[in-house]
Amino acid sequence: MNCKLATRAKDFLPADIQTQFAVSRELIRNIYNSFYKLRDRAERIASRAIDNAADLLMFGKELSALGSDTTPLPSWAALHSSTWGSLKQALKGLSVEFALLADKAAQQGKKEENDVVEKLNLFLDLLQSYKDLCERHEKGVLHKHQRALHKYSLMRRQMSAAVHSQQPEAVQQLESRIVEQESTVQTTELRHAFSLYCLHQETQLVHACLPLTAHLLGAFVDSQIQGHKEMSKVWDDLKPKLHCLFTGPNST
């Protein structure tokens, strides 16, 4: 009602707008379906990283609990009483690295939630808005326009029949109704054209945003590289500390 281009919207549309609309709708529907699945997988990957963080933290806490155990060691339990004490001290020391691993895994999961999953959600919102607009166009504006044309065509046939059977009163009434219906057809046609114009603009917007998906994939790859690199360093730092677990009077 307020757009200055509304009455001239048809002039901005390509001649094969209906064909282009059908092709674009199918393409964007396929894109939506694929990115919907990608978002779900990214969500699960991020969730697994956070679950992994919880498991690593619990693993470290159990090591710490073992290392902090104060239950006395019976004299007949081991040949060398110092073995269990050394082992406990080593296990307690390892818990620090597992807490760090848990922190790294949690950071990666949160980073992927923010940089990948949330941005995929925003992109899906854009695609869903386009799908909703297509549905409103077909079930609303297009349907009303087709119904107005059908009613106008029916009136024209009734007029032809009235003229043929020489019914002046019916002809006069139909003429008035036809003029009114022509105005309705013109209004719905303008709305239909403007709706297609909006769809045309939305289609261009979606395609303008498509390159952003490359940045999303880049953010996912970067997060995986950084996360695995940081965790690999902690694992490497942890490995030398395992040697103390294998040292003792019975070690070989």
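In what order do the elements of the protein run from the N terminus on? I read them off as α-α-α-α. My count of the secondary structure is four helices and zero strands. Helices (H or I, at least four residues) and strands (E, at least two) are DSSP runs, numbered from the N terminus.

I noted the ground rules. This is a predicted model, where local features need pLDDT of at least 70 and side-chain atom pairs count only at pLDDT 80 or more, while totals for chains, interfaces and linings use all residues. Residues are numbered from 1 along each chain as its sequence is written, and side-chain values use heavy atoms, with hydrogens and water left out.

**Burial.** I looked up the total: 30% of the 252 residues count as buried. Buried means under 20% relative accessible area, exposed over 50%, and partly exposed in between (1.4 Å probe, protein chains only).

**Helix H4.** I checked residues 212-238. H4 has 27 residues and reaches 39 Å from its first C-alpha to its last, close to the 39 Å expected at 1.5 Å a residue. The expected span is 1.5 Å times one less than the number of residues. Buried residues in H4 include Thr213, Gly227 and Leu238.

**Salt bridges.** I searched the whole structure and found seven. The criterion is a side-chain nitrogen of Lys or Arg within 4 Å of a carboxyl oxygen of Asp or Glu. I wrote down three of them.

- Asp237 pairs with Lys233, closest N and O atoms 3.2 Å apart. The two are four residues apart in H4, so about one helical turn separates them. Asp237 is partly exposed at 40%; Lys233 is exposed at 54%.
- Asp115 meets Lys111 at 3.0 Å, N to O. These are also four residues apart, in helix H2 (residues 82-164), so about one helical turn lies between them. Asp115 is partly exposed at 25%, and Lys111 is partly exposed at 34%.
- Arg39 pairs with Asp40, closest N and O atoms 3.0 Å apart. Arg39 is buried at 12%, whereas Asp40 is partly exposed at 26%.

**Charge patch.** Which residues gather in a patch of positive charge on the surface? I found Lys37, Arg41, Arg44 and Arg48. Patch members have over 30% relative accessible area and no salt bridge, with like charges joined within 9 Å. Arg48 sits in helix H1 (residues 17-67). At 48% relative accessibility, Arg48 is partly exposed.

**Cys244.** I found Cys244 in the segment after H4. Cys244 is partly exposed at 36%.

Notes. Patches are made of residues with over 30% relative accessible area and no salt bridge: like charges are joined within 9 Å, nonpolar side chains (Val, Leu, Ile, Met, Phe, Trp, Tyr) within 5 Å. Accessible areas come from the Shrake-Rupley method with a 1.4 Å probe; for residues, only the protein chains shown count as cover. Lys and Arg count as positive and Asp and Glu as negative; His and the chain ends are not counted. The place of a charge is taken as NZ of Lys, CZ of Arg, CG of Asp or CD of Glu.
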